[in-house]
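Take a walk through this structure, from the whole fold down to single residues. Start with the overall picture, then follow the chain into its details.

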Amino acid sequence: MVRVCVQVQPQDCSYSQLREACRRVEELGADAVFTWDHFFPLRGDPDGPHFEAWTTLAAWAEQTSTVEVGVLVSSVGYRNPQLLADMARTVDQISDGRVILGLGAGWAERDYTEYGYDFGSVASRLDLLAESLPLIRSRMDRLNPPPVRPIPVLIGGSGERRTLRMVAEHADIWHTFATGEVLAHKIEVLRGHCAAVGRDPAEIEIAVGLGGLGRYGRLPEPPEVEGDPQLALGATMFTMNAVGPDFDLSHLPAWLAWRDELNAR
């Protein structure tokens, strides 16, 4: 089953514009709407308007009724992992079972330093992700009430030795920006990790980032049906960016029609 999703970037806008963009994503029929987990804009004015991820997600969960909602992705360095599990469970209850729990090791140094978190090193942030994943699952299993459904865990990143091993061990969805031969190679590495931990790689949905809409880049038109090389490699979730303040979604209907034609076969 092919899915088309949108990451509505929570910067360069008012909250009312962000809320309206989420509404339009759902109305058009996308499968999921994501925000991101940063504290400052990633492009343009570094001190421009910006909104926090999980409070935004709770509001989106309340205002929507069909689209899945998630953070692409939440840094485990910003919140106690057991608290993060409780937050995800609560938003899952608000949404009646539509949360995707996106997780990653984090990378934006300013987020850490200005908010008083230890930035550490790539290795230490990956250590923290590895430590957090079982803690999140353990706390999720003890919450009352529990999540409405077993919350799908998405892990973002493409590091072959550690990140893809964690994907094999813990993830329902793997998100990457790799394409072409690089994507093919990463998938083979992931399959090797799955074999090592005794997991069927078919259980892990492969999600790829498509690129931006608006002034930070144009999204390509959808490929011919069954003509996309990422699809041929096994990717089934495709996520585009929508950039404020206008949140141009003009390419989304064509991608949704492409999805629907594929899924009807």
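This is a predicted model: local features need pLDDT of at least 70, side-chain atom pairs count only at pLDDT 80 or more; totals for chains, interfaces and linings use all residues.

Residues are numbered from 1 along each chain as its sequence is written, and side-chain values use heavy atoms, with hydrogens and water left out.

Begin with the fold. The protein has 9 helices and 9 strands. Here helices (H or I, at least four residues) and strands (E, at least two) are DSSP runs, numbered from the N terminus. The radius of gyration is 18 Å, close to the 18 Å that the globule rule gives for 265 residues, so the protein is as compact as a globular protein of that length. That radius is taken over C-alpha atoms, and the globule rule is 2.2 Å times the number of residues to the power 0.38. Along its principal axes, the C-alpha trace spans about 40 × 40 × 35 Å.

Next, look at the inside and the surface. Of the 265 residues, 52% are buried. Buried means under 20% relative accessible area, exposed means over 50%, and partly exposed lies in between (1.4 Å probe, protein chains only). The accessible surface comes to about 11,400 Å². Carbon and sulfur atoms account for 53% of that surface. These areas come from the Shrake-Rupley method with a 1.4 Å probe; for residues, only the protein chains shown count as cover.

How does the chain meet itself? Take the contacts between residues at least 6 apart in sequence: 78% of them join residues at least 24 apart. A contact means heavy atoms within 4.5 Å.

Charge comes next. There are 24 positive and 37 negative side chains. Lys and Arg count as positive, Asp and Glu as negative; His and the chain ends are not counted. The centres of the two sets lie 3 Å apart, with each charge placed at NZ of Lys, CZ of Arg, CG of Asp or CD of Glu.

Now zoom in on helix α2, residues 53–63. Which of its residues are buried? They are A53, W54, T56, L57, W60 and A61. These residues cover an arc of only 150° around the axis, which puts them on the same side of α2. The arc is that of the directions from the helix axis to the C-beta atoms. The face turned away from the buried side carries the exposed residues T55 and E62.

Move on to R165, in helix α6 (residues 163–170). R165 is partly exposed, at 30% relative accessible area. Leaving out residues up to four places away in sequence, R165 touches H193, A196 and V197. E20 is 145 residues from R165 along the chain, and their C-alpha atoms are separated by 38 Å.

Finally, follow the backbone through its loops. The peptide bond from L72 to V73 is cis, with omega near -10°. V73 sits in the loop between β3 (68–71) and β4 (74–75). The bond from G244 to P245 is also cis, with omega near 5°. P245 lies in the loop between β9 (235–242) and α9 (252–263). F247 is found in the loop between β9 and α9 as well. Its phi is near 50°, a positive value in a residue other than glycine. F247 is buried, at 1% relative accessible area.

D12 also has a positive phi, about 60°, although it is not a glycine. D12 lies in the loop between β1 (3–8) and α1 (15–28). At 14% relative accessibility, D12 counts as buried.
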